[in-house]
Amino acid sequence: MKMVLTLLGWLLLLQGAGGLLNTVLGWWRWSHDLLLVNRLPFLEGYEVFAAIVIGVLGFVLLAVADSGKSAESGR
């Protein structure tokens with residue numbers, strides 16, 4: 001379970017950071033279809049906010065995966 005949370009955390013963190021950079025700076029025109037914030041039509045107009053939320057969610061998943069590891073070693 002820890003591995004799944006870690007993998008999902010990194011994917012979401014990269015999606016959030018990439019979406020934020022692409023939306024704010026206009027970089028990575030070739031990756032427009034690879035980013036989650038550009039693929040979901042209901043996020044149109046809210047790309048910056050959605051990218052920040054996705055990145056924070058990824059960071060939270062990484063923290064939860066790491067806290068699970070430390071809680072198991074503390075027993």
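**Notebook: patch, core and a glycine**

I started with the nonpolar patch, and α1 and α3 each supply at least two of its residues; helices here are DSSP runs of H or I, at least four residues, numbered from the N terminus. This is a predicted model, where local features need pLDDT of at least 70 and side-chain atom pairs count only at pLDDT 80 or more, while totals for chains, interfaces and linings use all residues. Residues are numbered from 1 along each chain as its sequence is written, and side-chain values use heavy atoms, with hydrogens and water left out.

I listed the surface patch as V24, L25, V48, I52, V56, V60 and V64, together about 560 Å² of accessible area (Shrake-Rupley, 1.4 Å probe, only the protein chains shown count as cover). α3 gives the most, five residues.

Next I checked V24, which sits in α1. V24 is exposed at 53% relative accessible area (exposed is over 50%, buried under 20%, partly exposed in between, 1.4 Å probe, protein chains only).

Then I went to the largest nonpolar core: nine residues, among them L5, L12, V37 and I54 (buried Ala, Val, Leu, Ile, Met, Phe, Trp, Tyr and Cys joined through side-chain atoms within 4.5 Å).

Last, I looked up G58 in α3. G58 is buried at 0% and contacts G9, L12 and L13, leaving aside neighbours within four places in sequence (contact: heavy atoms within 4.5 Å).

Methods:
Patches are made of residues with over 30% relative accessible area and no salt bridge: like charges are joined within 9 Å, nonpolar side chains (Val, Leu, Ile, Met, Phe, Trp, Tyr) within 5 Å. A salt bridge is a side-chain nitrogen of Lys or Arg within 4 Å of a carboxyl oxygen of Asp or Glu.
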